[in-house]
Amino acid sequence: NLNFSRHLESTPVEILGNIDLITFNEFADILPYKLQDGTFITRPLKPGETIKKYFCKAEESLIDAHEFKLSSENNFCPRFAAGASMMLLNLLGLKSVSIKLFNPSKIDESALNKIILSTKFLHHLKHLHICVEDPNAVSDKTLEAITEAINNKSSTLISLMVSFPNAIHVTNKRIKSFADSLAQLTKLKKLEINLSESRIKDGVAALATSLHKLDRLRDLTLCFSMCSELDHLALGQMISTLIKLDLLEVLYLDISNTNITNLELISLCNVIPELKNLKKLTLDLSNFKISYIYIVSLLYGVSVIKNVKELCLLLDKCELLDYNTLDNNNCDNADEKTITFAIDQAFKSYPDLHNLESLKFGLWEITNLGLLQFAKSFDHLPNLKKIDIDAEQCLNITNHGVINFIKSVITKSGLEAFTLDIRNCPQLTANLIPEINQIISQENILKINIKHNIPFEIE
């Protein structure tokens, strides 16, 4: 006998499928029937609860419901999806729809597509976020459904996220069609596209054409990691188009594990200094043969902007090509001729990088000496408050190097948070753990997070 009143005005409508199987089957039987009576679930069942009538009549709440979230970690059957689809058709006042399905989602593709297609009738929709981690639930038809759903949203949609991080069944032809449809969304302020592992080739060229028209964008995320067929010329064209987005404040670009060349990096180096309003930049160039000069040039571009407060540069498993171009007068030890040396030189040479407040680097081939040099380079950044270093799977660092690095970093004035990922580093032993714990126990102000998976067995 719960009394649902107008307080639902600010409450999202949430449909969660992570309940036990017996309860879920009962729930799946009831939901479509109740929906025909104009009702909807207002909250998920608590663990162990039997099904209860947590429903309220649509006429009392449909006008006030502005946000719809659909997520599933475990059970998600087609009947449940049909109920959610029917619900969307009734919630015509919705302004935000968020769908997130984990892997495995246990939902067939047609059921997911019905939910997506239901959103095309939501004429007030401003935010559409679709994330599906299960590769078996996504194909060309899914992207086709999204394309159809956004075709009449040019006057309302300001935020669009399409994230298929394992899009192995999505083809280049469908990506091109989807990219073409984005051109009409001229009011977009935020766009996130994750098509990692897809069979995209020159589809990014179509994306470049659409981006040229999305001049209101302030937040852009593009992920094409592990797209082995990616056309590097088309990618260069897309990167060059970013120069037209002069309102852009946030840029996340993941082109790791692709067949890009230094030509695309030249385009990137030319574009970044022109993004005058950029405040947050993330570049994932992992597993790439990169030239020393382009690392320095990228950081130079960031320094020219002056407004960047957060920088994330992921260079895991990168190979530095031109060691011999380094000035031997500036480097006494050949082992220091690494990516960390390039970073140190840039921090030292470009004073406008001093505005950085948050810094994240992903480094793989780094030595104990490189770690220490890296820690000293932070001294050139007086406003730095947050440092996040990903050295996962690093082959060359030892207990001694890690401890010296941690001790050096935490002495930096003004630092508020420090994260170090040293998981799966083969030379690290259990003797490291008590030393780390001792350092953390003595630090009361700085927030320290050391990620490791070292078995705690003292040798």
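1. Strand β8 (residues 190–194) and strand β9 (residues 219–223) run parallel to each other and are paired over five bridges, where two strands are said to pair if DSSP finds at least two bridges between them. Helices (H or I, at least four residues) and strands (E, at least two) are DSSP runs, numbered from the N terminus. One of the bridges joins N194 to its partner C223 in β9. This is a predicted model, in which local features need pLDDT of at least 70 and side-chain atom pairs count only at pLDDT 80 or more, while totals for chains, interfaces and linings use all residues. Residues are numbered from 1 along each chain as its sequence is written, and side-chain values use heavy atoms, with hydrogens and water left out.

2. On the path from β8 to β9 comes helix α7 (residues 203–211), and the three elements make a right-handed β-α-β unit; a crossover is right-handed if, with the strands pointing away from the viewer, the path from the first strand over the helix to the second runs clockwise. β9 also pairs in the parallel sense with strand β10 (residues 250–254), again over five bridges, and D219 has V250 as its bridge partner in β10. The chain crosses from β9 to β10 through helix α8 (residues 232–241), and this β-α-β crossover is right-handed.

3. Strand β9 is mostly covered, since four of its five residues are buried; buried means under 20% relative accessible area, exposed over 50%, and partly exposed in between (1.4 Å probe, protein chains only). C223 counts as buried because its relative accessibility is 7%. A search of the whole structure finds zero disulfides, a disulfide being a pair of cysteine sulfur atoms within 2.5 Å.

4. In helix α8, the residues A234, L235, G236, M238, I239 and T241 are buried, and the buried residues of this helix pack against α7, β9, β10 and α9 (262–271). The N-terminal end of α8 is capped by D231, which has a side-chain oxygen 2.9 Å from the backbone nitrogen of L233. M238 touches V204, L207, A208, L211, L222, F224 and L253, if residues up to four places away in sequence are not counted; contact here means heavy atoms within 4.5 Å.

5. M238 and F418 are the residues with the most contacts inside the largest nonpolar core, which has 135 residues. Helix α10 (residues 292–305) gives the most to this core, with eight residues. Such a core is a set of buried Ala, Val, Leu, Ile, Met, Phe, Trp, Tyr and Cys residues joined through side-chain atoms within 4.5 Å.

6. Helix α11 (residues 339–349) is largely enclosed by the rest of the structure, because nine of its 11 residues are buried. Among them are I339, F341, I343 and F347, together with D344 and Q345.

7. How is S159 linked to H129? Their side chains make a polar contact of 2.8 Å, that is, a pair of N or O atoms within 3.5 Å, of which, within protein, one must be able to donate a hydrogen and the other to accept it, and residues adjacent in sequence count only if both atoms are side-chain atoms.

8. Most residues other than glycine have a negative phi. N257, in the loop between β10 and α9, has a positive phi of about 55° although it is not a glycine, and it counts as partly exposed at 33% relative accessibility. K306, in the loop between α10 and β13 (310–315), has a positive phi near 75° and counts as partly exposed at 45%.

9. For the chain overall, there are 14 helices and 18 strands, and buried residues make up 53% of the 459 residues.
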